[in-house]
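Me: Could you walk me through this structure? I'd like to jump between topics as we go.

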Amino acid sequence: MANDHIDLTVEPGEVHALLGENGAGKSTLMNQLYGLLQPDEGEILVDGEARTFRSPRDAIAAGIGMVHQHFMLVPVFTVAENIALGSERTRLGFLDRRRARREVLEVSERYGLPCDPDALVENLPVGAQQRVEIVKALTRDVDLLILDEPTAVLTPQETEELLTVMRGLCAAGKSIVFITHKLKEVKAIADRITVIRRGQTVGTATPDTPEDELAALMVGRAVSLEVAKEPAEPGREVLSITGLVVDDDRGVRAVDGVDLTVRAGEVLGIAGVQGNGQTELVEAVMGLRPVRTGSIQVDNEDLTAMSTKQILRSGVGYVPEDRSLDGVVKEFTVAENLVLDQYDREPYGNALRLDSAAVGTKARELVDEFDIRASSTGTAVGTLSGGNQQKVVVAREMSRPLRLFIASQPTRGVDVGSIEFIHGRIVRERDVGTAVLVVSSELDEVVGLADRIAVMYRGKVLAIVPPDTPRDKLGLLMAGITGDAPAAPVFEAGDSPASADEGTE
Ligand SMILES: Nc1ncnc2c1ncn2[C@@H]1O[C@H](COP(=O)(O)OP(=O)(O)OP(=O)(O)O)[C@@H](O)[C@H]1O
Ligand SMILES: [Mg+2]
C-alpha cells in the first residue's frame, strides 16, 4: 500500500510543501491527483466538488497540472512541439506550429520563464528542460500546479529563479504542491507543510519549524545534517590527471587542460556551477567520453586505453549524475541492477548463465544495508521511488573492493535520512583507503565531504582550497573570480579565467 488514508487540503494561492522520505508515497499521491493512477478508496474534491480523473486529460480539464519527478519530454522534438504534445491543435490536418510557438512565447513572457520554442529539447541543459515542463503545464491554464522534486536537478541559481517564479504564480492566485528533499527550500517558500511517512500523513508543520525537527518528522528519528568525519590521512597518489582536454557533445572544449590528483584515503570534492566541465571530466575518466589530449592514470595504469567495463573492473566505482540514463536499467529487477557490473563473474554467473540464488542473496543483503524500499528484490527498478533508485546505484557501486570511487551528485533525490547514511558510507570508504572524487552541485555536500576542494570554472581548475574556506570566497571562485590576495591558503592554482574564452555555460 503506497498511500494509506491520506488527507491533504490545498488552499488557493498557497505553496503547500509535501515532505516525506524516499518511497513515502508522495509521487503516488500526486499521480492520483493528476489522473495517472486511480485511488482504490477516498475522494478528490476540487472547489468542493468530488471528481474522478480517468486520465491526465480529466485532471487538466479540472485545472490541475503536474511537472514530474523524471522528465517526460521527447528529446528529439522542439520545445514548441513538446509543449503542444497532448493537446495538439491542427490546421488542415497538420500541427499548427505557429500557434504552438506563440503559446510558448506568451506563457514564457507572462511568467518570466525564458524558453526558446525552436530549440531541440535534447540540446537544452536540465534547468531549461525543467522550465519547458513548467511552461507546458501553464499553457494548460491550471489553477493547481504540482511540482514533483523540480529542484533535484537544478543548480542553486536555477533553484532561486524557480522559487521566484513560484512566488509570482502564487501571487497570481495559483496554488502549488511542492515536493522536495531540501529543507532550506521548504523553509524559504512554503506556506504550509504536510509530512507523510510510509503512506500516512504523520503531521503538518509551518515554515518556521527548525530543519532538524522537519527532518525528524520525515524519517521518524533524529538525523544529523552535518557530515561526521575525522581529518584525512592521505596516502599514495591513486588518480592522477594531467593536461586533460575533453570536448562536450557539440564539440566545444569542456575540459581545458586539467591537472588533478586524488590520493588514497582522501575525498577530493569538485565544486562549481554545473556546466563548467565537471560532467565531461568524470565521463572522460570513466571512458564514456573521448580524451582529446592528456592522461588519466589510476595507480600508474593508463585508463584512456581502457573500456568503461575494464575501468569498473579495475576497482573504480562510479555513481553517474543521471541515474535514469546511466545508472539503472529500469526494466531489470532490483537484484539484476545490483549486479549489473558483475553478472558474468563468479559467484553471480559466468559467460553462459546467471546464478539467481547468489544474485538474490547479494541483493537482499544490499537492500537491507542501504535501506532500499522495494516490495521485493524481484520488482523492476523503474517502479521504485526516485530516491530508492538512487540508492540502488550507490549500493551497487560501493559493494565491491575499490581503489577509486567517483560519485557525481551521489545524493540526488535522496531523503535526509539516506543522505546521512550515504555520506557516512563515503567517509568510511575514504577511511579504508579508497581515493574518493565527489562532484556535486550542492555546495553543502562538497564542503561537508571534501578534504580538499577543487573549484572548476570554464573547463579549468581555478583553485584547490581547503573545506574551511569561507563560503563567500568559494562563491566568488565558482563565479571565476580569484582575487589577488587569497584569504585562505591555496594549495595549487590553475590558469586565470581571462585566457578561457571558449568554456561552456
Ligand atoms: N507502479 C508501481 N508498482 C509497484 N510499486 C509501486 C508503483 N508505483 C509506486 N510504487 C511503490 O510505492 C511506494 C511509494 O513510491 P513513491 O514514488 O510515491 O515515493 P516518493 O514518496 O515519491 O519517494 P521519492 O522521494 O523517492 O520520490 C514505493 O515503495 C514504490 O516502490
Ligand atoms: Mg517521488
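Me: What kind of model is it, and how are things numbered?

Reply: This is a predicted model, where local features need pLDDT of at least 70, side-chain atom pairs count only at pLDDT 80 or more, and totals for chains, interfaces and linings use all residues. Residues are numbered from 1 along each chain as its sequence is written, chains are lettered from A and ligands numbered from 1 in the order in which they are written, and side-chain values use heavy atoms, with hydrogens and water left out.

Me: Thanks! Which residues coordinate the magnesium ion?

Reply: The magnesium ion (ligand 2) is coordinated by S27 through OG and by Q69 through OE1, at 2.1 to 2.2 Å. Donors here are N, O and S atoms within 2.8 Å of the metal (3.2 Å for Na, K and Ca), and since water is not among the atoms, sites may look incomplete.

Me: Where do S27 and Q69 lie?

Reply: S27 is in helix α1 (residues 26–33) and Q69 is in the loop between β4 (64–67) and α3 (79–84), so the pair ties together parts that are 42 residues apart in sequence. Helices (H or I, at least four residues) and strands (E, at least two) are DSSP runs, numbered from the N terminus.

Me: Is Q69 buried or exposed?

Reply: Q69 counts as buried, at 17% relative accessibility, whereas S27 is partly exposed at 22%. Buried means under 20% relative accessible area, exposed over 50%, and partly exposed in between (1.4 Å probe, protein chains only).

Me: And L73, where is that?

Reply: L73 is also in the loop between β4 and α3. L73 is buried, with a relative accessible area of 12%. Its C-alpha atom is separated by 22 Å from that of N388, a residue 315 positions away along the chain.

Me: Switching to the surface: which residues form the negative patch?

Reply: D47, E49, D141 and D143 form it. A patch is made of residues with over 30% relative accessible area and no salt bridge, joining like charges within 9 Å and nonpolar side chains (Val, Leu, Ile, Met, Phe, Trp, Tyr) within 5 Å. Asp and Glu count as negative and Lys and Arg as positive, while His and the chain ends are not counted. The place of a charge is taken as NZ of Lys, CZ of Arg, CG of Asp or CD of Glu.

Me: What about the backbone at D47 and D141?

Reply: D47 has a positive phi of about 50° although it is not a glycine, and D141 has a positive phi of about 60°, again without being a glycine. Most residues other than glycine have a negative phi. D47 lies in the loop between β2 (44–46) and β3 (49–51) and is exposed at 80% relative accessible area. D141 lies in the loop between α5 (126–139) and β7 (144–148) and counts as exposed at 57%.

Me: Which peptide bond is cis?

Reply: The one joining E346 and P347 is cis, with omega about 0°. P347 is in the loop between α12 and α13.

Me: Which residues make up the nonpolar patch?

Reply: V76, F77 and L85 form a nonpolar surface patch, with about 230 Å² of accessible area together. Those areas come from the Shrake-Rupley method with a 1.4 Å probe, and for residues only the protein chains shown count as cover. L85 sits in the loop between α3 and β5 (90–91) and is partly exposed at 31%.

Me: How many salt bridges are there?

Reply: The structure holds 30 salt bridges, each a side-chain nitrogen of Lys or Arg within 4 Å of a carboxyl oxygen of Asp or Glu. One of them pairs R101 with D118, the closest N and O atoms being 2.9 Å apart. R101 lies in helix α4 (residues 97–110) and D118 in the loop between α4 and α5, so this pair ties together parts 17 residues apart in sequence.

Me: What does K229 pair with?

Reply: K229 forms a salt bridge with D451, with the closest N and O atoms 4.0 Å apart. The pair links distant parts of the chain, 222 residues apart: K229 is in the loop between α8 (211–219) and β11 (237–247), and D451 is in the loop between α16 (443–449) and β19 (452–457). K229 is partly exposed at 28%, whereas D451 is buried at 17%.
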